[in-house]
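Please take the sequence and the model shown here as the starting point for a short walk through the fold.

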Amino acid sequence: MRRLLAILLPGLLLLTACGGSEAPPAPEPTSQSAGETAKLDSVKLTENGDKKAPGVDFTKPLDVKEPTVKVVTEGGGERVKANQIANISIVAFNGTDGSTLEDTFPNDPEPLELNDELKGSSPVIYNAFVGAKIGSHLALAVPGQAAAEGAEAKPTQLLIVKVLSAKDAPPVLDKPEGDAVTPPAGLPTVKENDKGVPEISVAGVKAPTALVSQDLITGKGQALKETDTITVNYVGVALATGKVFDSSFESGKKATFPLTGVIKGWTQGLTGKTVGSRVLLVVPKDLAYGDQGQGDAKGDLVFVVDILGVK
């Protein structure tokens, strides 16, 4: 989930509605209200299109004690389905005085993936969006927080979310798919073991003077942008020792993270690469963890990264 939701929806992401107010699942999913919904009855909207936030009026102060959500205007489009990505825009208000906290309507929509992870961590959000019609506005009220040592009290926040569109989430590959590439001489060599896990040999490889990003398999999928969140399998070794310091293959679980949240060698080396690719990265220490390193990840590093998905 992107920055805005992570910042503005902490209560809704960490809590579920209390007191049995959450509606039971319907055979044909429709957006489910939850929480103190009567407190959102005063919310009135004036539609301003997809690129401008609606006019919003509500009775102030708005104060809820539990996460609360309901559809305040229903759109005329198709219903959003489970496992789709909903593209949304959000305007957020201070529930006490009505001041605007954030407005994303003029910007590109925020994607919200309606997957099992969201269903498990925040059924309130999941059940509100699955079954909502395209064009709908949802009102979400996030409980305030009492003052604590070193932190001021926070009022209830009211978010108005417009569901602009929805699309099926792109599939995540199990392994790289594409055209094999013969790398130039002088780079670390990579071979798969009998379990299909890439093993890296750094024998005779010189320290890099610049980042190396070399396809071993060139995939035919979407090209990565620096702002993307990617799903990968990877293994990393220290160039000086050849010792593996990290591997998603060992855990058996693919890793998912934003390209902006990793070392610079990954961000720079994977931007522009395509889904389905296997990429060899030789990362100078200044684009990794510097002189100090991080555990066994010290000095220049070598990675093999299988790019399996993007969102």
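This is a predicted model: local features need pLDDT of at least 70, side-chain atom pairs count only at pLDDT 80 or more; totals for chains, interfaces and linings use all residues.

The protein has 311 residues, of which 45% count as buried. Its secondary structure consists of six helices and 17 strands. Taken along the principal axes, the C-alpha atoms fill a box of roughly 70 × 45 × 35 Å. Among contacts between residues at least 6 apart in sequence, 74% join residues at least 24 apart.

Is Val-64 buried or exposed? Its relative accessible area is 2%, so Val-64 is buried, the limit being under 20%. Leaving out residues up to four places away in sequence, Val-64 touches Glu-36, Lys-39, Ala-141, Val-142, Pro-143, Gly-144 and Thr-156. Leu-287 lies 223 residues from Val-64 in sequence, and the two C-alpha atoms are 46 Å apart in space.

Asp-63 and Lys-65 form a salt bridge, with 3.0 Å between the closest N and O atoms. Asp-63 is partly exposed at a relative accessible area of 37%, while Lys-65 is exposed at 66%.

Asn-83 lies between S3 and strand S4 (84-94). Its phi is positive, about 70°, although Asn-83 is not a glycine. With 44% relative accessibility, Asn-83 counts as partly exposed.

The salt bridges can be taken together next. How many salt bridges does the count come to? The count comes to 14. One of the pairs is Asp-215 with Lys-273, whose side chains meet at 2.9 Å, N to O. Asp-215 is in strand S12 (residues 212-219) and Lys-273 is in the loop between helix H6 (264-270) and strand S16 (278-283), so this pair ties together parts that are 58 residues apart in sequence. Asp-215 counts as buried at 12% relative accessibility, and Lys-273 is buried too, with a relative accessible area of 17%.

Another pair is Lys-243 and Asp-296, where the closest N and O atoms are 3.5 Å apart. Lys-243 sits in the loop between S13 and strand S14 (244-247), and Asp-296 in the loop between S16 and S17, so the bridge ties together parts that are 53 residues apart in sequence. Here both partners are partly exposed: Lys-243 has a relative accessible area of 48%, and Asp-296 has 45% relative accessibility. Elsewhere, Glu-47, Asp-50 and Lys-162 are linked in a network of salt bridges.

Strand S15 (residues 255-258) contains Pro-258. Pro-258 counts as partly exposed, at 36% relative accessibility. Which residues is Pro-258 in contact with, leaving aside its neighbours within four places in sequence? They are Asp-228 and Thr-229. Val-212 is 46 residues from Pro-258 along the chain, and their C-alpha atoms are separated by 21 Å.

By residue type, the lining of the second largest pocket divides into four nonpolar, five polar and five charged residues.

Technical notes. Residues are numbered from 1 along each chain as its sequence is written. Side-chain values use heavy atoms; hydrogens and water are left out. Ala, Val, Leu, Ile, Met, Phe, Trp, Tyr, Cys and Pro count as nonpolar, Asp, Glu, Lys and Arg as charged, and the others, Gly among them, as polar. Helices (H or I, at least four residues) and strands (E, at least two) are DSSP runs, numbered from the N terminus. Buried means under 20% relative accessible area, exposed over 50%, partly exposed in between (1.4 Å probe, protein chains only). Contact means heavy atoms within 4.5 Å. A salt bridge is a side-chain nitrogen of Lys or Arg within 4 Å of a carboxyl oxygen of Asp or Glu.
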